[in-house]
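I opened the model and kept a running notebook. The entries follow in the order I looked things up.

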Amino acid sequence: DDHKNTNDKDGDVDVVIDSNDISDVQLKEEKSFSAAKDIVVCLAKDCNTKEYRNMVTELGGVVWDLKTMIPKRKATHLIEKSNVDLNIIHGIITERWLLCEDWLVKSAETGYFLQEDRFGTKCKNPLEKKSLYFDDDFQTHYPRYAAVGKQFAVHGRATIEEDPKEADLLIVTDDNLEKHSPKKGAHILTWETFLIFIRHQGGSGGI
């Protein structure tokens with residue numbers, strides 16, 4: 001038995017609880033920073049399962065659905081495994097909670113949404129005050145990605161540059177990685193490495 005009883009001078013019994021029990025007691029007190037009704041969860045594609053959706057709703061939250069755009073309000077919490085998902089990237093830019101699946105699993109076991117900072121991080125917008133340049137060839141060959149990238153710039157409070165020499169981030173095709181002469185400290189990125197840059201810079205310290 002890990003519990004020890006000690007008697008004080010008045011004959012009362014004190015119970016000494018081991019560290020594992022203390023952790024369990026603390027865990028039950030660590031509720032989410034947000035009320036359940038205010039939690040809107042966006043599940044990345046690789047963990048958007050019926051099981052997880054049910055966990056969210058049973059705990060009193062709402063699952064954000066890309067297809068129906070319901071609810072109309074923005075997602076507050078992002079759940080991901082490992083893949084770079086555009087919804088997750090947008091959530092990072094707009095500074096949401098980025099959490100692992102354990103947050104949902106442990107919350108479901110406890111019966112309420114647990115405090116978030118044990119399972120991930122509150123994202124920081126890595127595009128704020130940055131200037132972005134989208135290469136002409138990139139815009140020609142990948143118009144959809146270019147449009148999404150420009151939306152990211154707007155939502156991330158970045159600016160769009162027409163001159164590649166003035167940009168902090170240059171998004172180009174694979175063939176144009178060595179075409180431009182950027183300013184000192186600038187990054188030349190393909191679409192894939194642009195998303196990875198946002199994921200690691202904005203979600204660092206999380207999962």
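Predicted model: local features only at pLDDT ≥ 70, side-chain atom pairs only at ≥ 80, totals over all residues.

**Strand 3 and its partners.** I began with the pairing of strand 3 (residues 40-43) and strand 4, which is parallel and runs over two bridges. Next I checked strand 5. Strand 3 pairs with strand 5 in the parallel sense too, over three bridges. There I found L78 of strand 5 as the bridge partner of C42.

Then I asked which way the side chains of strand 3 point. V40 and C42 point one way, V41 and L43 the other way. I noted that all of these are buried. I then followed the chain onward from strand 3: it passes through helix 2 (residues 50-58) and reaches strand 4. I logged this β-α-β crossover as right-handed.

I moved to the loop between helix 3 (86-93) and strand 6, where T94 is found. Is T94 buried or exposed? I put T94 down as buried, because its relative accessibility is 18% and the cut-off for buried is under 20%. I then listed polar partners for the side chain of T94. A polar atom of that side chain lies 3.3 Å from the backbone oxygen of G91. The side chain of T94 also makes a polar contact with the side chain of R96, at 3.3 Å.

E95 lies in this loop between helix 3 and strand 6 as well. I stopped at its backbone. Most residues other than glycine have a negative phi. E95, which is not a glycine, has a positive phi near 60 degrees. I noted E95 as partly exposed, at 32% relative accessibility.

I went on to R157, in the loop between helix 6 (143-155) and strand 9. R157 is not a glycine either, yet its phi is positive, at about 60 degrees. With a relative accessible area of 43%, R157 is partly exposed.

**A167.** I looked up A167 in the loop between strand 9 (159-160) and strand 10 (169-171). Its relative accessibility is 0%, so I count A167 as buried. What does A167 touch beyond residues up to four places away in sequence? I listed S131, L132, Y133, E161, K183 and A186. I also took one C-alpha distance: A167 and H187 are 20 residues apart along the chain and separated by 8.7 Å.

**N176.** I placed N176 in the loop between strand 10 and strand 11 (187-189). I wrote N176 down as buried, because its relative accessible area is 8%. Its side chain makes a polar contact of 2.9 Å with the side chain of D135. Leaving aside neighbours within four places in sequence, I found N176 in contact with D135 and D137.

**Helix 7.** I checked the length of helix 7 (residues 191-202). At 1.5 Å a residue, its twelve residues should span 16 Å. The end C-alpha atoms are 16 Å apart, which agrees. Then I asked which residues of helix 7 are buried. My list has W191, F194, L195, F197, I198, R199 and G202. I kept a reminder beside it: an α-helix has 3.6 residues a turn, so residues three or four places apart point the same way.

**Totals.** I have seven helices and eleven strands. Of the 207 residues, 40% count as buried.

Note on methods. Residues numbered from 1 in each chain as written. Heavy atoms only, no water. Pairing = 2+ DSSP bridges. Helix = DSSP H or I, 4+ residues; strand = E, 2+ residues; numbered from the N terminus. Expected span 1.5 Å × (residues − 1). Buried < 20%, exposed > 50% of the residue type's maximum accessible area, 1.4 Å probe, protein only. Polar contact = N/O pair within 3.5 Å; in protein donor to acceptor, adjacent residues only side chain to side chain. Right-handed = clockwise from strand over helix to strand, strands pointing away. Contact = heavy atoms within 4.5 Å.
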